[in-house]
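Open the model in your viewer and keep the selection panel at hand. The stops below each give something to select and say what is there.

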Amino acid sequence: MSEEDGPIKSDAILDCTGLVCPMPILQTSKKIAQLEVGQVLEMISTDPGSQPDLQNWVRQTRHELLLVQSLENGAFRFLIRKTHP
Amino acid sequence: MKEQLDTVFRKPLSLWSAALGLATANILLFAFEKPWTSADGLRNWGDWLLYTLGAPTPEELLSPLLYSGSVLNVGILAGALLSALLSDQFAVRMSTLMELAKGTVGGILMGLGAVLAMGCNIGGFVSAVSALSAAGFSMMLGLLIGAYLGLRYLVWEVDRFSRISIGSRMFLGSLSFTSRTWLVCCGLLAAGGAVAAYSQKGYSQRGVLLVFGLILGIILQRSRFCLVRAFREPFLTGESRMTQAAALSVGVSMLGFSILKSAGHRSLESFVFPAFWEGSFLGGIVFGIGMVLAGGCGVGALWRAGEGHVKLLFTTIAFALSTSIFRMLWQDSSLINHTGSMLFLPDRLGWPLSLLLALGVLLAWSLFAVWNEKARGFAA
C-alpha cells in the first residue's frame with residue numbers, strides 16, 4: 001500500500017467530507033459499482049471511523065485498498081481498485 | 001514531545017478492552033447508584049431546555065448540573081472531546097443540510113423509541129438485559145429489526161437520491177499541537193474544578209458520576225465502540241467483531257448485575273420496567289431506525305458530537321427535546337398503561353435457567369454475526 005512506483009492515477013473521485021458512518025461506505029459501494037474492473041476510486045472522508053469501516057468493507061467485498069492516507073488537514077484519503085464486477 | 005504524545009494517544013483501544021471496560025464501569029455504576037443510562041439524562045436536558053423556553057415546569061425538574069443522568073452525559077461528551085483533542089481527531093465536521101435533517105429525524109425517532117421502551121439502547125437494552133429484565137430482550141429484537149429497516153432505507157436513498165449524502169467540503173480540521181495542549185489542560189482544570197465544587201456543595205456523588213462519564217467518553221472515543229455498528233454491521237459489511245464485543249460486554253455486566261442483585265446489594269426489581277413486550281419491542285424498532293439514520297445511538301451521538309460531528313450534535317438536541325415532549329404526551333395519555341408488564345426473568349425461571357437463557361441469547365447473537373461474516377448471508 002504505497003505510492004512508491006509513482007502516484008496512482010484515480011479514475012473517479014468521491015467526496016465524503018462531513019459524512020458519518022455508514023454513508024461513506026454506502027456511497028463508495030455505489031460508486032465502485034459504476035466503475036470498470038481495474039479502475040481506481042479515490043475517496044476523501046473526515047470521519048475517523050471510515051478507516052476501519054472501509055477496511056472491513058474491502059475485506060468483505062474483496063476489492064483492493066491501495067492506499068490509506070491521513071491528510072495534513074485531518075481528512076483521510078483512500079484509493080480503492082475495483083477487482084471484480 | 002508531540003511525537004510521544006501522539007503515539008500514546010493515537011493508538012486505538014481494542015474493542016475487547018473497551019467491552020470489558022464499559023461492562024466494569026456499568027457494574028460499578030450500578031453498585032454506586034444506578035446502572036448506565038443515557039436517555040434519562042438527555043430527557044433532563046430536553047425538559048430543562050423547554051422550561052427555559054417558557055414551557056410549563058414538569059413536576060420535579062432538577063437542574064442538569066444536579067441530575068445524575070445529565071452529569072454522566074456531560075462527562076461522556078467532555079471525555080470524548082478531551083480524548084479527540086489528545087489524539088488529534090477533533091475537527092468540526094459539517095455535513096449537508098439534508099444530512100443534518102436526517103440526524104434530526106433520527107434523534108426524534110430515538111426520543112420516541114426511548115419513551116416507548118422506557119430507556120434507550122443503553123438503559124432499555126444493555127442495562128435491562130444485564131438486569132435480566134425480559135423487556136431488554138424484546139427491545140433487542142426490536143433494535144435488530146429497526147437497524148435492518150433503517151439500513152434498507154439508507155441503501156435505497158443512496159441508490160435513488162445519492163445527492164442527499166454528498167460531501168459538504170465544510171471541514172475545519174487539525175488544530176495545532178499547542179492549541180490542543182492548551183485546550184486539554186483547560187478541560188482537565190475545569191473537570192477538576194467541577195469535581196471540587198460538587199464536593200464542597202455536598203454533592204460529591206455527582207462529582208464521581210462526572211468522572212465516570214469522562215472515563216466512559218474516553219473509552220468510547222478511543223475504541224469507537226458502537227452499538228449501532230453491532231446491530232447494523234451484519235447487514236452491511238458483515239463485519240462481526242463489534243457484535244461479538246457488544247455481546248461480551250453485556251454478558252459481563254449481566255454477571256456483575258446478577259451478583260449485586262442476588263447478594264441483596266440491589267433490589268431484584270431494579271431496572272425491570274413494565275415494557276415487556278409491546279413497549280420495548282415497538283420502541284426498539286423505532287429507536288433502531290432512528291439510530292441508523294443518525295449514525296449513532298444516544299450515547300454514540302454524544303461522543304461523536306464531542307469529536308466535532310455537527311450532524312450528531314443535531315441528533316443529540318433533537319433526541320433530548322423529542323424524548324422530553326413525547327414523555328409528557330405519553331404520561332397524559334392512557335397509552336402509558338399499555339406498554340406491557342414487568343418481568344424479572346429469575347422470578348419466572350429461577351436464577352440458573354435465566355442466566356443460561358440470557359447468555360445463550362447473547363452467544364446466539366454473536367454466533368449469527370460470525371456465521372454471517374463467513375457465509376455473507378445478509379451482508380449488503
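Select Glu99(B) and Lys102(B): their side chains form a salt bridge with N and O 2.7 Å apart, a salt bridge being a side-chain nitrogen of Lys or Arg within 4 Å of a carboxyl oxygen of Asp or Glu. Both residues sit in helix 5 (residues 97-116) of chain B, 3 residues apart, so about one helical turn separates Glu99(B) from Lys102(B). An α-helix has 3.6 residues a turn, so residues three or four places apart point the same way. Glu99(B) and Lys102(B) are both buried; buried means under 20% relative accessible area, exposed over 50%, and partly exposed in between (1.4 Å probe, protein chains only). Helices (H or I, at least four residues) and strands (E, at least two) are DSSP runs numbered from the N terminus.

This is a predicted model, in which local features need pLDDT of at least 70 and side-chain atom pairs count only at pLDDT 80 or more, while totals for chains, interfaces and linings use all residues. Residues are numbered from 1 along each chain as its sequence is written, chains are lettered from A and ligands numbered from 1 in the order in which they are written, and side-chain values use heavy atoms, with hydrogens and water left out.

Next, select Arg232(B) and Glu233(B). Their salt bridge has its closest N and O atoms 2.9 Å apart, and both residues are buried.

Over all chains, the structure holds 15 salt bridges. Another of them pairs Glu33(B) with Arg206(B), at 3.8 Å between the closest N and O atoms. Glu33(B) lies in the loop between helix 2 (15-32) and helix 3 (39-52) of chain B and Arg206(B) in helix 9 (residues 204-223) of chain B, so the pair ties together parts 173 residues apart in sequence. Glu33(B) is partly exposed, at 25% relative accessible area, whereas Arg206(B) is buried at 15%.

Stay with helix 2 of chain B. Its 18 residues should span 26 Å at 1.5 Å a residue, and the end C-alpha atoms are 25 Å apart, which agrees; the expected span is 1.5 Å times one less than the number of residues. Its buried residues include Leu15(B), Leu22(B), Ile27(B) and Phe30(B). Among the elements that cover them are helix 4 (68-86), helix 6 (121-130), helix 9 and helix 11 (241-262) of chain B.

Now show both chains. How many residues does each chain bring to the contact? Chain B brings 37 and chain A 28, contact meaning heavy atoms within 4.5 Å. About 2700 Å² is buried between the chains, 55% of it from carbon and sulfur atoms; buried area is the accessible area (1.4 Å probe) that two parts lose on being put together, summed over both. In chain B, Phe171(B), Thr237(B) and Arg376(B) lose the most area to chain A, together 20% of what that side buries.

Across this interface there are 3 salt bridges. Select Arg59(A) and Glu373(B) to see a salt bridge with N and O 3.8 Å apart.

Finish on helix 1 (residues 23-34) of chain A, whose buried residues include Met23(A), Leu26(A) and Ile32(A). The buried residues of this helix pack against elements of both chains, including strand 1 (12-16) and helix 2 (50-61) of chain A and helix 5 and helix 7 of chain B.
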